[in-house]
Amino acid sequence: MQHWARRLEQEIDGVMRIFGGVQQLREIYKDNRNLFEVQENEPQKLVEKVAGDIESLLDRKVQALKRLADAAENFQKAHRWQDNIKEEDILYYDAKADAELDDPESEDVERGSKASTLRLDFVEDSNFKNKVNYSYTAVQIPTDIYKGSTIILNELNWTEALENVFIENRRQDPTLLWQVFGSATGVTRYYPATPWRAPKKIDLYDVRRRPWYIQGASSPKDMVIIVDVSGSVSGLTLKLMKTSVCEMLDTLSDDDYVNVASFNEKAQPVSCFTHLVQANVRNKKVFKEAVQGMVAKGTTGYKAGFEYAFDQLQNSNITRANCNKMIMMFTDGGEDRVQDVFEKYNWPNRTVRVFTFSVGQHNYDVTPLQWMACANKGYYFEIPSIGAIRINTQEYLDVLGRPMVLAGKEAKQVQWTNVYEDALGLGLVVTGTLPVFNLTQDGPGEKKNQLILGVMGIDVALNDIKRLTPNYTLGANGYVFAIDLNGYVLLHPNLKPQVSQMGGLKRGCKPCKRGPPDSLPFLPQTTNFREPVTLDFLDAELEDENKEEIRRSMIDGNKGHKQIRTLVKSLDERYIDEVMRNYTWVPIRSTNYSLGLVLPPYSTFYLQANLSDQILQVKYFEFLLPSSFESEGHVFIAPREYCKDLNASDNNTEFLKNFIELMEKVTPDSKQCNNFLLHNLILDTGITQQLVERVWRDQDLNTYSLLAVFAATDGGITRVFPNKAAEDWTENPEPFNASFYRRSLDNHGYVFKPPHQDALLRPLELENDTVGILVSTAVELSLGGRTLRPAVVGVKLDLEAWAEKFKVLASNRTHQDQPQKQCGPSSHCEMDCEVNNEDLLCVLIDDGGFLVLSNQNHQWDQVGRFFSEVDANLMLALYNNSFYTRKESYDYQAACAPQPPGNLGSAPRGIFVPTIADFLNLAWWTSAAAWSLFQQLLYGIIYHSWFHADPAEAEGNPEVRESSCVMKQTQYYFGSVNASYNAIIDCGNCSRLFHAQRLTNTNLLFVVAEKPMCSQCEAGRLLQKETHCPADGPEQCELVQRPRYRRGPHICFDYNATEDTSDCGRGASFPPSLGVLVSLQLLLLLGLPPRPQPQVHAHASRHL
């Protein structure tokens, strides 16, 4: 076998030496040494410069924010409240007006809006990816808030003055994107004006539930939610509680910590979480699923619930926010005030706020619930029906904002958010936020107002930050990244949230055509903008101890540099490579972000073309013209932003055409072009043409069964020879995004890449000259003691021809023309892979475990498949004998189709259906049950499927039906065994012998094994494909026991001695009159929704 292995190694090396042209390309670079300079990447200087540029960019937004916040406070202070204000008195652009006019069932169409709504003209703006009007602001008001209420009209009145400030800000900084004021009343005023992106279903957008508003409106929170599940809580009331808890969880951000418990006589957590956990997306999902399993039984025991909550908040042995502490209790009512519990745990300092929620329609005395809230600096709310849930589960933020308002200027600090999806289509953004305070006083000498008016926000698109980072000087495997105090990435090449739009491809769902992922065309994608994009640095990369140390140092705001050996995943997510990387990091001052730079050692230096000779520029440029392709090979150019006026295209032929047309109008030295990119592109065009001239053109590829030869460069050129081979070229035209290119740079020797095959797709359709195996290797230059890898060269093997050649090389014949010698198991001669292919299985497998070549003709169409799908027994033996190591990781950015509902009854779930006797009973008609039922039915008309609607459908694009999920990825890579190895697969009566040996200077494993003789050797199959994790990845219950290091905001505003806590909720529940019920029933029968009542919780002092 070792003899066969040497023959294989020699054949591969010989072909690559003749056709690869590595040595010849080195000589070409040296011959053209006067046409380029070798520049150095100095990591510390680079990262400090980029951090400074980002700081300057964000600082300009901070100045605009401060001007807006100051102006808003002054405008509101000067505003005179109008009790008799009418809709026709207000003139503004209603962003949802056009959508409502198109919707015949709209609230304003049905009752006729009295407001004077502006009709605007819009122009397309590429910066906003939207149609905008720069002369006006737009207003968005949540669906469940009545536009004609006095509070809303006064809010619209005074915020109108912000329009001029928005416009002035843009004049001073034309790069500003959305400027937004989110009001505590729910009104959003944003600039420039653009129509609202209204979904087909009900629009549930409320600015007060957006990540940036929540972060700006209050300091971090430690929250314990306790839910009464005693026997009196059943039916609709329990359903209301479950929905209320889920809505409450949506008001929390990643800076907050939470736990949820249910109680009757005893209290217990609803989920596996036994202590406060970070309120991230995955933990909240666990809570929401667990809450649905709550069952009502037993008797009410407030003491058990509150003692559990206080114990949770007093636990100092866990990671938590250590700022606002609060208990949120949901109940249907009770008599016990549990004063002894408050005396024991919370008085006299009252460091824990208590918020109580009376849920459902009932006749209980609510005085104890009001007392609990008022006695503990909290607030009392009522949730009698579905429509009150959203508004009353977010109003507590006003209370938490009091210490912030009272702190005054000290609290006026700009905060920068996590990454999230912009609701108006800008893509991924971060937002700078600044709270806006009510500066009015109740009267001369009276206490100052303690209400937060809202939050001012300015968006910064991630793409604008990326433009400040070096693009192509870092090489294919170098990159810049940034993280926040939670360890979440702000910038990272692997930050690619994937939720499909309009049926586009998404991670976790397989493409419908064969081909590697890096060859698929770009498809528009979006995310569910209710969920922030929270990808941890250790999930963006393959986690190890070194990266944990780097992450901690960055979160702590330190500078640092470290060279580490680590694992990286290939671009197509099929392979793992062990590589060396240099990490350098610095904090971005005046922000909560830290910036890092990652460089492979071979990217310390890079080439910079110096094509001052215009005649040479023209000569090399001619080799880009399609007319030269027949003799010089086909050229693919990387779709980079070479010039501002260059039209982009996903079709490389069209892009090349656009590029050539532009170059006929401008020169490579034009100011509108990126001279570095253009000069390097043209230089590499000439250098690769010389490779054709010196090596490829005079060689007969058919002699060695080659379909093509190719070269790809850092400058963005991929030259494929001969021209006809380009028809079957499926690799990405951007070398930096091509898996073969990046892997070749990271690996020494020859890297084989079989055609990508998915287990779910049909086998390869073998036809002559159509299926090939890529073999590539990096070209390493040493110039004046400086080493770099500016190019990758390779060949494309004809699969069928090389499969035949493989059998000959792994046989006892010395050459292909020698006659075969018959040899069987009983004879004394040696068996080989050619003659004895009925008894021996001989294969080449690459370092990822994928089949490359086989001596079995019937396996040729399985080349490219994970070998366990071809021979599960043998692959398992290779893994068990350490030829392969397994690496499991999780993709937290995947999107999955929703699971079909389990219960498909004809009626909505959770609705109480009265009996005939109930209808005939007048007492029932005047009961709370009837009132609650009517409210649910009426809201069902307006808010269809409230309890069951997918938030992504309701709030975002109606076409988006997928939700975020976690996909488990498994890759294999070469283990510790390097030498030849023999082993026996013990299968009882029919054991199986195999030999395995690594081929030197390649990523191949040569395996010779006896064919399985009986089914007893069937074993468990190793999986390599991506699989959906029903439990959302690694067990969350275990992960929260070892939380990752993080830091919260450095300032906390949770206490102020001057806070007035007298406004703590004084709502009351009144049984409805029979007349009201009859009127509602008539409306229900007629199918007409009633006039919406104001849903804004009106603080008496809001308008003062």
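The side chain of Arg 209 makes a polar contact with the side chain of Gln 394, at 2.6 Å. Keep in mind that this is a predicted model. Arg 209 sits in the loop between β8 (188-191) and α8 (211-217). Is Arg 209 buried or exposed? With a relative accessible area of 9%, under the 20% cut-off, Arg 209 counts as buried. Setting aside neighbours within four places in sequence, its contacts include Ile 214, Glu 247, Met 248, Asp 250 and Arg 390.

Next, a pair of helices. The axes of α9 and α10 come within 9 Å and cross at roughly 175°. That angle is over 145 degrees, so the two helices are roughly antiparallel to each other. Here is who makes the contact:

| Helix | Residues in the contact |
|---|---|
| α9 (236-249) | Lys 242, Val 245, Cys 246, Leu 249 |
| α10 (281-291) | Lys 284, Phe 287, Lys 288, Val 291 |

By type, five of these residues are nonpolar, three are charged and none is polar.

Helix α13 (residues 367-374) is worth a stop too. Its buried residues are Pro 368, Leu 369, Gln 370, Met 372 and Ala 373. Among the elements covering them are α11 (302-314), α12 (339-345) and the strands β13 (324-331), β14 (352-359) and β15 (379-383).

In soluble globular proteins, nonpolar side chains tend to be buried together. The largest nonpolar core here has 93 residues, and Leu 878, Phe 994 and Phe 1006 touch the most other members. Another core, of 46 residues, lies apart from it and includes Leu 46, Phe 481, Leu 485 and Ile 564.

Key
Residues numbered from 1 in each chain as written. Predicted model: local features only at pLDDT ≥ 70, side-chain atom pairs only at ≥ 80, totals over all residues. Heavy atoms only, no water. Core = buried A, V, L, I, M, F, W, Y, C linked by side-chain atoms within 4.5 Å. Buried < 20%, exposed > 50% of the residue type's maximum accessible area, 1.4 Å probe, protein only. Helix = DSSP H or I, 4+ residues; strand = E, 2+ residues; numbered from the N terminus. Contact = heavy atoms within 4.5 Å. Polar contact = N/O pair within 3.5 Å; in protein donor to acceptor, adjacent residues only side chain to side chain. Axes fitted to C-alpha atoms, helices over the stretch in contact; angles between N-to-C directions. Parallel < 35°, antiparallel > 145°, perpendicular 65-115°, else oblique. Nonpolar A, V, L, I, M, F, W, Y, C, P; charged D, E, K, R; others polar.
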